[in-house]
Amino acid sequence: MNNNFADNERAIWILKTKGPQPLCALAEELKVTMEGARFQLLKLANEGLVEATTESKGRGRPKQIWSLTDAGNARFPDRHQDLALKLLCNMSNTLSPENMGKVLDATAQSTREKYQEELKDCKDLESKVLQLADLRKREGYMAEFKKEGDSFLLIENHCPIQAAAKCCNYFCQMEQDMFAALLGKGAAIERIEHIPGGQRRCVYRISGK
């Protein structure tokens with residue numbers, strides 16, 4: 001089992017360092033038979049890490065060329081999140097609050113439009129909050145919906161952008177403003193727990209006015 005795992009990892013490494021390869025070249029690099037190489041590649045393909053395309057050259061038989069998928073490439077280090085966070089922090093320290101707000105508002109516009117589309121068939125406040133909790137859950141916020149008397153709680157047990165929010169607290173205000181806009185003028189929204197404030201989660205109490 002350990003040898004198979006090592007061979008699979010080596011096949012991924014070869015495709016990363018040498019680019020797309022025909023089966024025969026991979027078999028030679030792996031020092032296995034063509035059938036052995038094919039078996040490994042099919043296993044990796046089932047895991048979504050590699051894929052094959054057919055290439056025809058001249059009159060010869062078409063070749064299968066194997067390459068990494070996006071998931072396969074993701075097995076290697078990627079520092080884009082670190083870079084994005086540094087850029088955000090530098091922007092936050094350099095731009096005025098007004099200009100920073102404009103930049104983030106433009107970035108958040110697509111999210112607001114998507115949420116509006118998802119909430120368009122909700123008929124009352126409860127259904128809107130319930131749908132909003134479902135959307136946030138799908139986006140990694142570990143969100144929950146709870147009813148508390150005449151109010152509703154939107155609970156976010158996790159913040160997948162916590163590092164960014166720590167660097168630029170405008171994200172938190174932008175989130176609350178977006179919720180208020182989505183729920184409409186007939187809703188009152190209050191944040192009663194806040195992760196940057198030291199609590200373990202963010203919680204919004206929402207009620208009708």
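**View 1. Helix 6 packs against helix 9 at an angle of about 35°.** Here helix 6 (residues 97-119) and helix 9 (residues 170-183) have their axes 10 Å apart. Axes are lines fitted to C-alpha atoms, for helices over the stretch in contact, with angles running from 0 to 180 degrees between N-to-C directions. Helices (H or I, at least four residues) and strands (E, at least two) are DSSP runs, numbered from the N terminus. The crossing of helix 6 past helix 9 is right-handed, meaning that the near helix is turned clockwise from the far one by less than a right angle. On the helix 6 side, the residues in contact (heavy atoms within 4.5 Å) include Gly 101, Leu 104, Ala 108 and Tyr 115; helix 9 brings Tyr 170, Phe 171, Met 174, Met 178 and Leu 182. Sorted by class, this contact has nine nonpolar, three polar and two charged residues. Ala, Val, Leu, Ile, Met, Phe, Trp, Tyr, Cys and Pro count as nonpolar, Asp, Glu, Lys and Arg as charged, and the others, Gly among them, as polar.

A note on the model: this is a prediction, so local features need pLDDT of at least 70 and side-chain atom pairs count only at pLDDT 80 or more, while totals for chains, interfaces and linings use all residues. Residues are numbered from 1 along each chain as its sequence is written, and side-chain values use heavy atoms, with hydrogens and water left out.

View 2. Buried means under 20% relative accessible area, exposed over 50%, and partly exposed in between (1.4 Å probe, protein chains only). Setting aside neighbours within four places in sequence, Phe 179 is in contact with Leu 132, Arg 136, Leu 154, Glu 156, Ile 189 and Tyr 204.

**View 3. Strand 7 and its antiparallel partners, strand 5 and strand 6.** Two strands pair if DSSP finds at least two bridges between them. Strand 7 has five bridges to strand 5 and six to strand 6. Look for Leu 154 with its bridge partner Tyr 204, and for Glu 190 opposite Arg 205. Strand 7 is mostly covered, with five of its seven residues buried.

**View 4. An open, antiparallel sheet of three strands in the order 1-3-2.** Strand 1 (21-22) and strand 2 (50-55) sit at the edges with a single partner strand each, so one side of each has no neighbour in the sheet. Six bridges hold strand 2 alongside strand 3 (residues 63-68), and Thr 53 stands opposite Ile 65.

**View 5. Two non-glycine residues with positive phi, Lys 31 and Met 142.** Lys 31, with phi of about 60°, is in the loop between helix 2 (23-30) and helix 3 (34-46). Its relative accessible area is 73%, so Lys 31 counts as exposed. Met 142 has a phi of about 50° and is found in the loop between helix 7 (125-141) and strand 4 (143-148). Met 142 is exposed too, at 52%.
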